[in-house]
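Thanks for coming. Please have the sequence and the structure open.

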Amino acid sequence: MHNYFKQISEQTDELLKLTEKWFSLLSKNSFETLMSLVRQPFTDLRCSSHCVLQSLALQPWGQNLMNNYPGFNEFLLDRTTEKTKETKESKFAIIKTIAESPTAVDIFGQPYIVQVKALALQGPFFVQTQSEVAFEGEWTDTFISVYAL
């Protein structure tokens with residue numbers, strides 16, 4: 001995936017202003033449009049939208065857009081939004097970019113970035129497991145009540 005925005009180390013104030021202006025000229029509400037594309041059920045469209053979000057995550061002004069957009073922070077932390085390998089990987093690229101950004105803590109806040117970094121360490125395919133322990137008496141009671149029906 002080609003990244004049209006420069007890495008943080010290559011950014012200047014002039015370049016940041018220019019890229020922000022370009023993004024704002026894409027549509028009346030560019031970020032709202034982008035988020036509506038992310039919600040579409042088509043893998044190619046979702047992955048492409050994730051790629052743009054990853055590019056925005058490199059920019060402090062893009063991080064501000066993300067942080068100020070209602071529901072974005074929850075969307076990013078929610079692993080259940082993506083069903084395919086490709087979309088999980090492309091969404092993970094956004095998470096990793098924010099986790100590694102030197103400006104993210106100032107923009108998103110420490111508590112949120114701790115959660116993002118935890119997701120980044122877990123990888124794109126992490127699944128929370130839930131262990132259940134049955135005690136001897138519980139299993140027998142459940143079996144008898146189900147069998148009695």
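**Starting at Glu82**

Leaving aside residues up to four places away in sequence, Glu82 touches Arg46, His50, Phe75, Thr87, Lys88 and Lys91. Contact here means heavy atoms within 4.5 Å.

Before I go on, a word on where this comes from. This is a predicted model, in which local features need pLDDT of at least 70 and side-chain atom pairs count only at pLDDT 80 or more, while totals for chains, interfaces and linings use all residues. Residues are numbered from 1 along each chain as its sequence is written, and side-chain values use heavy atoms, with hydrogens and water left out.

Back to Glu82, which sits in the loop between α5 and α6. Helices are DSSP runs of H or I with at least four residues, strands are runs of E with at least two, and both are numbered from the N terminus. Is Glu82 buried or exposed? Glu82 counts as buried because its relative accessibility is 4%. The cut-offs are under 20% relative accessible area for buried, over 50% for exposed, and partly exposed in between, using a 1.4 Å probe and protein chains only. The side chain of Glu82 also makes a polar contact of 3.1 Å with the side chain of Thr81. A polar contact is a pair of N or O atoms within 3.5 Å; within protein, one must be able to donate a hydrogen and the other to accept it, and residues adjacent in sequence count only if both atoms are side-chain atoms.

Phe75 is in helix α5, and at 12% relative accessibility it counts as buried. Again setting aside residues up to four places away in sequence, Phe75 touches Met35, Val38, His50, Thr81, Glu82 and Lys91.

Now take Met35 from that list. Phe75 and Met35 are 40 residues apart along the chain, and their C-alpha atoms are separated by 10.0 Å. Met35 lies in helix α2 and counts as buried, at 2% relative accessibility. Apart from residues up to four places away in sequence, Met35 touches Leu53, Tyr69, Phe72 and Phe75. Ser49 is 14 residues from Met35 along the chain, with 7.9 Å between the two C-alpha atoms.

Next, α3. What span should its 15 residues have? At 1.5 Å a residue, they should span 21 Å, and the end C-alpha atoms are 21 Å apart, which agrees. The expected span is 1.5 Å times one less than the number of residues. The buried residues of α3 include Arg46, Cys47, His50, Cys51 and Leu53, and the buried residues of this helix pack against α1, α2, α4, α5 and α6.

In α4, the buried residues are Trp61, Gly62, Gln63 and Met66. They pack against α1, α2, α3, α5, α6 and α7.

**Cysteines**

How many disulfides does the structure hold? Zero, where a disulfide is a pair of cysteine sulfur atoms within 2.5 Å. Cys47 is in none, and its nearest cysteine sulfur, that of Cys51, is 9.3 Å away. Cys47 counts as buried at 13% relative accessibility, and Cys51 counts as buried at 17%.

**The core and the whole chain**

The largest nonpolar core has 27 residues, and those touching the most other members are Phe31, Leu53, Leu56, Met66, Phe72, Ile98 and Phe108. Helices α1 to α8 each supply at least two residues of this core, and α8 gives the most, with five. A nonpolar core is a set of buried Ala, Val, Leu, Ile, Met, Phe, Trp, Tyr and Cys residues joined through side-chain atoms within 4.5 Å. In soluble globular proteins, nonpolar side chains tend to be buried together.

Finally, the protein chain as a whole. It comes to nine helices and zero strands. Of its 149 residues, 34% count as buried. Among contacts with a separation of 6 or more, 65% are between residues 24 or more positions apart.
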